[in-house]
Amino acid sequence: MAFKAALDAAPSVRRLGCLVAFNGLVIEAQGPDAVIGELCQLSCHGSEDPVLAEVVGFRDGRVLLMPFGHLRGMSIGATVEALGRRARIPVGKDMIGRVLDAFGAPLDGKPPIRADAEKDIHGVAINPMARAPLTEGLETGVKAIDGLVPLAKGQRVGIFAGSGVGKSTLLGMLAGHVRADVIVVGLIGERGREVADFLQDALSKEGRERSVLIVATADQPALTRTHAVHAAHAVAEHFREQGLDVLLVIDSITRFAMAQREVGLATGEPPTSRGYPPSVFNLLPQILERGGSLKGAGTITAVYSVLVEGDDMNEPVADHMRAILDGHIVLSRDLAARGQLPAIDVLSSISRLQSKICLADDLTLMRQTRAMVAVYESSRDLVEMGAYQAGTNPALDEALRCQPRITDFIRQSPGERSTRESSMRMLRDLVSGELA
């Protein structure tokens, strides 16, 4: 029976073409008869192993493909064979605790995973009416987030920061401390050294034991980096279908956008804002809509790091992401320089769902704390110059007395974990103690 099934599944006709040109990132082939998104295999006599490629477009009757590997040894006339399938990734419980590439192959030196099924990495659009309301809070274990920017299970949030401000460290804290069944981490466009550092330093042992890492380093082709993001979402969707609460971390969505920019420009798309083609801004909402909570299933809480170029919070990708997400956490280079780590800018950060998951008393505490931070920041230059006289502004006097305790509340070492109850209790003691 197995032989008959394999025979029935085998193609009866081979669809072949030949390589006629290679320009930059794009292969041009005469044939085969393939469709957008279909995988093809390139092989040439005397070359190394066959190279996998994907159909990304058509031009003047030719098929445009982008490879997932290098083309050393390929020549004009190389055979291009359509495989009749799209990119898929094996999924199953065996992947938990493993480090995999964009196609599910192991990178940790361990045997291949035993898959329960295979999933198309691009998934299908979710019916809006199939979504469940987000009303349950998510405990992240990070005081500043649980106390001042609380998140809900199934929420999509962005961490916005420039380079070197502590973004990866905060993501590691979330992955290590959060109360979730499974953690799926997509490391996109990272240096190879950073992958090992994230595993050994940023991610705790407990976090590693319930995590799946999907990795596409900076030296890999642009198409592989974009596929790693889709693959991470497909893995998270699989565990959500099992009724589990999943934390999905993508570091970073900006590098995905840059990789898609390479793909789009290579296939002839016109550059728009800062050189990004339209496909980038079309794909971002499609990706972000894959998260959330579904009726009769689990949840995907998605956290996307947004690498802000030149600390410009209004650059195209950051601005587009802010409009789609359910909240954003902004890291400040100035706060990091002052030694406040994680460098969360309370005034610039917001959770759009906090009113649905927090009690009225807790919301009042958050507003009071934010108000004191706002008063302090608006007058900080005046105070530091020594131009402010105590007693002139009671609100500022209160903020000055409270600011050191607020800073201590936000500070947290990577190995320290806090519960949401303890975070709110500390915040309550801070405010009541200073206002008494």
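Arg274 counts as partly exposed, because its relative accessibility is 45%. Arg274 is found in the loop between helix α7 and helix α8 (278–288). Please keep in mind that this is a predicted model. From here, let's look at the whole chain and then visit some of its parts.

**The whole chain**

- The secondary structure of the protein chain comes to 14 helices and 19 strands.
- A compact globule with 436 residues would have a radius of gyration near 22 Å, and the protein chain has 25 Å, which agrees.
- Along its principal axes, the C-alpha trace of the protein chain spans about 85 × 50 × 40 Å.
- Of the 436 residues, 53% count as buried.
- The protein chain exposes about 19,300 Å², and carbon and sulfur atoms supply 53% of that area.
- Take the contacts in the protein chain with a separation of 6 or more: residues 24 or more positions apart account for 71% of them.

**The nonpolar cores**

- The largest nonpolar core has 57 residues, and those with the most contacts inside it are Ile145, Ile159, Leu213, Val303, Ile329 and Leu331.
- Which helix gives this core its largest share? That is helix α12 (residues 360–384), which contributes six residues.
- There is also a second, separate core of 56 residues, whose members include Met95, Ala222, Ala234 and Val330.
- Ile159 is worth a look: leaving aside neighbours within four places in sequence, Ile159 is in contact with several residues, among them Val303, Tyr304, Ser305, Val306, Ile329 and Leu331.
- The contacts of Ile159 also include Lys167, Leu170, Leu171 and Leu174.

**Helix α3**

- Why is helix α3 (residues 167–177) described as largely enclosed by the rest of the structure? Nine of its eleven residues are buried, so the helix has that description.
- The buried residues of α3 are Lys167, Leu170, Leu171, Gly172, Met173, Leu174, Ala175, Gly176 and His177.
- An α-helix has 3.6 residues a turn, so residues three or four places apart point the same way.

**Gln260 in helix α7**

- Gln260 is found in helix α7 (residues 253–266).
- Is Gln260 buried or exposed? Its relative accessibility is 9%, so Gln260 counts as buried; the cut-off for buried is under 20%.
- The side chain of Gln260 makes a polar contact with the side chain of Ser279, at 3.2 Å.
- Not counting residues up to four places away in sequence, Gln260 touches Thr226, Pro277, Ser279, Val280 and Leu283.

**Leu396 in helix α13**

- Leu396 lies in helix α13 (residues 394–410).
- Leu396 is buried, because its relative accessible area is 1%.
- Not counting residues up to four places away in sequence, Leu396 touches Val375, Tyr376, Ser379, Val383 and Tyr388.
- How far apart are the C-alpha atoms of Leu396 and Ile126? They are separated by 49 Å, and the two residues are 270 residues apart along the chain.

**Strand β3 and its partners**

- Strand β3 (residues 39–43) pairs with strand β4 (residues 51–59) in the antiparallel sense, over four bridges.
- In β4, the bridge partner of Gln41 is Leu52.
- Strand β3 also pairs with strand β6 (residues 79–82), in the antiparallel sense and over four bridges.
- Leu42 stands opposite Val80 in β6.

**Backbone details in the loops**

- Which residue does a cis peptide bond join to Gly31? The partner is Pro32, and omega is about 0°.
- Pro32 is found in the loop between β2 (26–30) and β3.
- The peptide bond from Asp251 to Ser252 is cis too, with omega near 5°.
- Ser252 has its place in the loop between β15 (245–251) and α7.
- Asp60 is a residue other than glycine with a positive phi, near 55°.
- Asp60 is found in the loop between β4 and β5 (62–67).
- Asp60 counts as exposed, because its relative accessibility is 76%.

Terms used: Residues are numbered from 1 along each chain as its sequence is written. This is a predicted model: local features need pLDDT of at least 70, side-chain atom pairs count only at pLDDT 80 or more; totals for chains, interfaces and linings use all residues. Side-chain values use heavy atoms; hydrogens and water are left out. Buried means under 20% relative accessible area, exposed over 50%, partly exposed in between (1.4 Å probe, protein chains only). Helices (H or I, at least four residues) and strands (E, at least two) are DSSP runs, numbered from the N terminus. A nonpolar core is a set of buried Ala, Val, Leu, Ile, Met, Phe, Trp, Tyr and Cys residues joined through side-chain atoms within 4.5 Å. Contact means heavy atoms within 4.5 Å. A polar contact is a pair of N or O atoms within 3.5 Å; within protein, one must be able to donate a hydrogen and the other to accept it, and residues adjacent in sequence count only if both atoms are side-chain atoms. Two strands pair if DSSP finds at least two bridges between them. The radius of gyration is taken over C-alpha atoms; the globule rule is 2.2 Å times the number of residues to the power 0.38. Accessible areas come from the Shrake-Rupley method with a 1.4 Å probe; for residues, only the protein chains shown count as cover.
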